[in-house]
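Q: Please take a close look at one stretch of this model. Then place it in the wider picture.

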Number of protein chains: 2
Amino acid sequence: MSQNEKETFKAGTNPLDVTYADGVGELVVKPNPDDPRLTEKVPGIDQDGSPVIASVTVERPLTLFLNGREIVTMMTICDFPEYLAVGYLVNQNMLRPDDVVTAVEFDEDLEVVVVRTERETDFEEKLKKKTLTSGCAQGTVFGDVMEKFERVTLARGAMIKTSWLYTLMKKINTAPSLYLEAGAIHGCVLCQGDRPLLYMEDVGRHNAVDKIAGFMFLHGWKGHDKIFYTTGRLTSEMVIKTVQMEIPILVSRSGFTAWGVELAKQVGLTLIGRARGKRFIALAGQERIEFDAAHDEAADEPIELRRKGSR
Amino acid sequence: MSQNEKETFKAGTNPLDVTYADGVGELVVKPNPDDPRLTEKVPGIDQDGSPVIASVTVERPLTLFLNGREIVTMMTICDFPEYLAVGYLVNQNMLRPDDVVTAVEFDEDLEVVVVRTERETDFEEKLKKKTLTSGCAQGTVFGDVMEKFERVTLARGAMIKTSWLYTLMKKINTAPSLYLEAGAIHGCVLCQGDRPLLYMEDVGRHNAVDKIAGFMFLHGWKGHDKIFYTTGRLTSEMVIKTVQMEIPILVSRSGFTAWGVELAKQVGLTLIGRARGKRFIALAGQERIEFDAAHDEAADEPIELRRKGSR
């Protein structure tokens, strides 16, 4: 696939065909607020009773099958159903690192995505017992996700410079996005150094993370030298997913939950929250932070870029 | 229960013992940021590498049983486990309006809450098929929730004055809360006229809604003359839950999803979003809004009160 084709990478493209070139300065995957399938114009009224046209995010059901077994139906903006499908399975430990994905088939009319693997899979027992997690209080984790969590070792040598953090946040907040277009959406960004690589958005933060996990799995990207940024809160499941991707550094505009902090400490994840303008707080893994930016280098955020997760 | 006891209403109080007096000007249930079980002080560092102590929200697992059958394990701040338990069952259609709850037993050590009903219940089949919803992409709705949704008729005569809206938002944003104390939390408020009645917070917005639904069920409160305020987005499941509570008006600081708007229109729910300071947009059920406030009566929000859901 040529450089040119990659730049026009679109929703619905078969992810197995996508390659990436390292060293380019651009986001490899970025939001596409101009995709007419992702937002809808809805007529309404404003505070004066005057007619307005609002741009709102479109969510669609997507039913995921793994080798002929129905796993779950998700609501998603459906820009990257294949990444979402694979990432969901990876983050639920239903796909193992050595699993070979032979096909990912998305049928837009049926609203179905099917992931096929070489290995036979069976999750009858697993699907019976779920724990709803806290970000939304309704996410699910399975028992063996925690078992895997306890076996992960995060890269000790990884680091984040405060100058990178300020650059990343500026790039992310000013990138065209569905958030800026229509709001009501979560964003997650996989970064390396001061460069954002994959910027995924979705109605649910879980989906945004899972799409990044799916991309990483299908393209063989590793997490040990990456930084993960989320607009959402630093809850237990956000920590668990970051660790499952073996990413050593997690950053958010939003705040922390106590269990998120506890899990991060346990596994040695660097946890940076309430990151806005020049301010942030780190509550775990502080040793990976290099304070190379005079803190007046980062300006306060202009009001028009302020967004959710301000605490 | 005396007026005095009601004012000291605490986490863990058996909800079946709680009464309320109408006509009082105070919140009947309000956040208790001073409850030491709800937040934890965690040492960390700030952007200069200086030590700081951050206040973070504590989330706990809570396993819900209905008449001896395990339903689900949720993560919650666990301030009102009984309301959460009953509200979850109500909003999942596992409790019917005519069901008699004979007991709600919370065991703090076991992290278990048991709801007992007169009617025998069995949800073996129901529990097998779930749809993850969009707010977090991992919420769940069951098939018959939508069937009930289609049968609900919302009060046509209900209304909201813009002056009430501005008063409500000011009261809610300035009320002491876990959000102001520790962040990383969602809030939902049940209101009547310009008066907030129940202000519930939780790590997951679903929990906050469910706690209000549980309170309403156990105390026989009706939704037809109420207004529901949420800090979260106006997604399909937020619309579905509001309609299930038979509340005709839903307000949020945050934005809309297309399916949320579509469902609201279908059922005639008044949907007001992006409500900040003097601004808001209504995308469904506009006929219930009375524009009685000159829009310069509501001041713009002071920066220190700006919070998540700014779009």
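How many contacts beyond four places in sequence does the model have for residues 1–24 of chain A?

A: The model has 25 such contacts for residues 1–24 of chain A. Two residues are in contact if their C-beta atoms, placed from the backbone, lie within 7 Å. This is a predicted model: local features need pLDDT of at least 70, side-chain atom pairs count only at pLDDT 80 or more, and totals for chains, interfaces and linings use all residues. Residues are numbered from 1 along each chain as its sequence is written, while chains are lettered from A and ligands numbered from 1 in the order in which they are written.

Over residues 1–24 of chain A, pLDDT stays under 50. pLDDT is the predictor's confidence in each residue, from 0 to 100. Where it is low, the predicted coordinates should not be read in detail. Confidence in chain A is lowest in helix α1 (residues 3–7), with a mean of 32. It is highest in strand β13 (residues 249–252) of chain A, at 98. Helices (H or I, at least four residues) and strands (E, at least two) are DSSP runs, numbered from the N terminus.

Residues 131–140 of chain A also stay under 50 in pLDDT. For them the model has 60 contacts beyond four places in sequence. Chain A as a whole has a mean pLDDT of 83, and 79% of its residues reach 70 or more. For the complex, the predictor gives an ipTM of 0.78 and a pTM of 0.82.

Now for the link to chain B. Strand β15 (residues 279–284) of chain A runs antiparallel to strand β1 (residues 39–46) of chain B, and 2 bridges join them. Two strands pair if DSSP finds at least two bridges between them. Ala282(A) has Ile45(B) as its bridge partner. β1(B) also pairs with strand β2 (residues 51–57) of chain B, antiparallel, over 7 bridges. There, Glu40(B) stands opposite Val56(B). The hairpin of β1(B) and β2(B) has 4 residues between the strands, and Gly49(B) takes a positive phi near 80°.

Further along chain B, Ile77(B) lies in the loop between β4 (69–76) and α2. Ile77(B) counts as buried because it has 33 C-beta neighbours inside 10 Å (buried: 20 or more; exposed: 12 or fewer; partly exposed: in between; C-beta atoms are placed from the backbone). Its contacts beyond four places in sequence include Leu38(B), Thr57(B) and Val203(B). Leu38(B) is 39 residues away in sequence, yet 6.2 Å away in space, C-alpha to C-alpha.
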